[in-house]
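Please take a look at the fold below.

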Amino acid sequence: MLLFEMKKIWKKPLNKAAFIALAAIVAIASFLTIRDIRYTDENGDSHSGIAAIGRLKEDKKEWEGPVTEEVLRRVLEENQRVYKLIYAAETIQEEDAAFSQTEGFSDIRDIINYGFGAIGDYDYYRIDGVALDQVGTLYERRIANLRTYMDTEEHFTQPEREYLLNRYEEFQTPIEYEYFEGWRALVDSQYLPTLMLILALIAGILVSGIFSDEFIYKADTVFFSSRLGRGRGTGAKLWAGFLTATIVYWAAILIYAAVILGIAGLEGGSLPIQMEHWYTMYNFNQVQTFAVTVLAGYVGTLFSSACAMLISAKTRSTVLAITVPFILTCVSPFVGRIPVLTRASSLFPDMLFRLNTEMNGFLLYRIGGNIFSQFSVILVMYLILTCVLFPLLYVLYRNS
């Protein structure tokens, strides 16, 4: 019965068109993500994609290893040397040639720029004002700047302050730096949230007719009057919806990740996310961050699909069932712009598809006397809701 329900989903003309569209979307997202990897050579020419990756690997290899005070001093000295060349350049080509020498240590330079500024205040040229005898305090300043930020933002309670400080103090230093463009392209991709959102919408379209089609084609009488219709038949429909959403989501995500990492490289998976989000409270490495991000997207896809199937079973309308995932994932960001609902909007289902954009946030929730981060609350909450929706859907349709 499960195989029969799966065939019904995969053979519908609308669903076939959705599969073709999904394949095109994954291909486009992969191309655009790789294209965003850029490198400027000694002639001032900008390269992107595959042409940039090899050069970046070569330049960044020189700076691999622990980012100690000695390395930070060396970055400071190299940066000063390069910018002297830039200021002395007489042509744009000479400026570009000098600037290309910063490619290898640009990531370390960025954390210096972040570390010597207040939280939320980034200045690309801040490193120019950092003294050699100060740069070694980079890691200590991270904690000091957090204390200053919490003193300025008066909404933090004492338990929240202690929670954040503990998270910061747990961060392992010095950072063990290496080339990580492949993982950066995945984790910080502007296309990943969009891809996961589209996957949720397509999954909703695919499963929207599972229950309503029986009524649309006037087959409900036969289905419910059969010996196994209400029991195994309903269960088969539920499993078909669950498996369809799962297969579509993970197939697309894994293909996307395989293309990016296959081209840009697997190196740097253990590098902490602080290399890109210096003040984040999450002590994840690149692999963990990607795993949490796509897991949240999967939970969001299942929740959206379960809602679509529930509406399909209750209203007997495929159109309404398709509309629900769209509302859940696309409308809530606009609601979040209302000041009164800003904090509440951080727990809307659309947030499941863009956790990688919220790395710098300090949203905390107190539940039962314990402090929890936004990531843990939203994942657990929607996982529980999804687990409730599937049994509820079974009972509602079986008793139709």
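Which are the buried residues of helix 6? They are S106, D107, I108, R109, I111, I112, N113 and G115. This is a predicted model.

## Helix 6 and its cover

Helix 6 spans residues 106-115. It is mostly covered, with 8 of its 10 residues buried. Here buried means under 20% relative accessible area.

Several elements share in the covering. Among what covers the buried residues of helix 6 are helix 3, helix 4, helix 7 (138-152), strand 4 (176-177) and helix 9.

## Helix 4 against helix 6

The axes of helix 4 and helix 6 come within 10 Å. They cross at roughly 100 degrees. Angles of 65 to 115 degrees count as roughly perpendicular, and helix 4 and helix 6 are therefore roughly perpendicular to each other.

On the helix 4 side, the contact uses V71, L72, V75, N79 and Y83. On the helix 6 side, it uses I108, R109 and I112. By class, this contact has 6 nonpolar, 1 polar and 1 charged residues. I108, R109 and I112 are also listed as buried.

An α-helix has 3.6 residues a turn, so residues three or four places apart point the same way.

## Helix 4 against helix 5

Helix 4 covers residues 69-88, and helix 5 covers residues 92-99. Their axes come within 8 Å and cross at roughly 175 degrees. Angles over 145 degrees count as roughly antiparallel, and helix 4 and helix 5 are therefore roughly antiparallel to each other.

V82, Y83, L85 and I86 in helix 4 meet E95, A98 and F99 in helix 5. The residues of this contact divide into 6 nonpolar, no polar and 1 charged. Y83 of helix 4 takes part here, and Y83 also takes part in the contact with helix 6.

## The loop residue T102

Where is T102 found? T102 sits in the loop between helix 5 and helix 6. Its relative accessibility is 1%, so T102 counts as buried.

Leaving aside neighbours within four places in sequence, T102 is in contact with V82 and R109. V82 is in helix 4 and meets helix 5. R109 is in helix 6 and meets helix 4.

## The largest pocket

How many residues line the largest pocket? The lining has 25 residues. Those nearest the centre are D107, D110, E181, R184 and E276. The pocket holds about 630 Å³ of space.

The largest share, 5 residues, comes from helix 6. By class, the lining has 8 nonpolar, 6 polar and 11 charged residues. D107 lies among the residues nearest the pocket centre, and D107 is also one of the buried residues of helix 6.

## Two further sites

T246 is found in helix 13 (residues 229-264). Its relative accessible area is 17%. The cut-off for buried is under 20%, so T246 is buried. Leaving aside neighbours within four places in sequence, T246 is in contact with Y298 and L302.

The peptide bond from T173 to P174 is cis, with omega near 0 degrees. P174 is placed in the loop between helix 8 (158-170) and strand 4. Strand 4 is in turn among the elements that cover the buried residues of helix 6.

Conventions: Residues numbered from 1 in each chain as written. Predicted model: local features only at pLDDT ≥ 70, side-chain atom pairs only at ≥ 80, totals over all residues. Heavy atoms only, no water. 1 Å grid on protein atoms, 1.4 Å probe; cavity = no way out; pocket = protein on both sides within 12 Å on 5 of 7 lines; lining within 4 Å. Points joined across faces, edges and corners; volume = space filled by probe spheres on them. Helix = DSSP H or I, 4+ residues; strand = E, 2+ residues; numbered from the N terminus. Nonpolar A, V, L, I, M, F, W, Y, C, P; charged D, E, K, R; others polar. Axes fitted to C-alpha atoms, helices over the stretch in contact; angles between N-to-C directions. Parallel < 35°, antiparallel > 145°, perpendicular 65-115°, else oblique. Contact = heavy atoms within 4.5 Å. Buried < 20%, exposed > 50% of the residue type's maximum accessible area, 1.4 Å probe, protein only.
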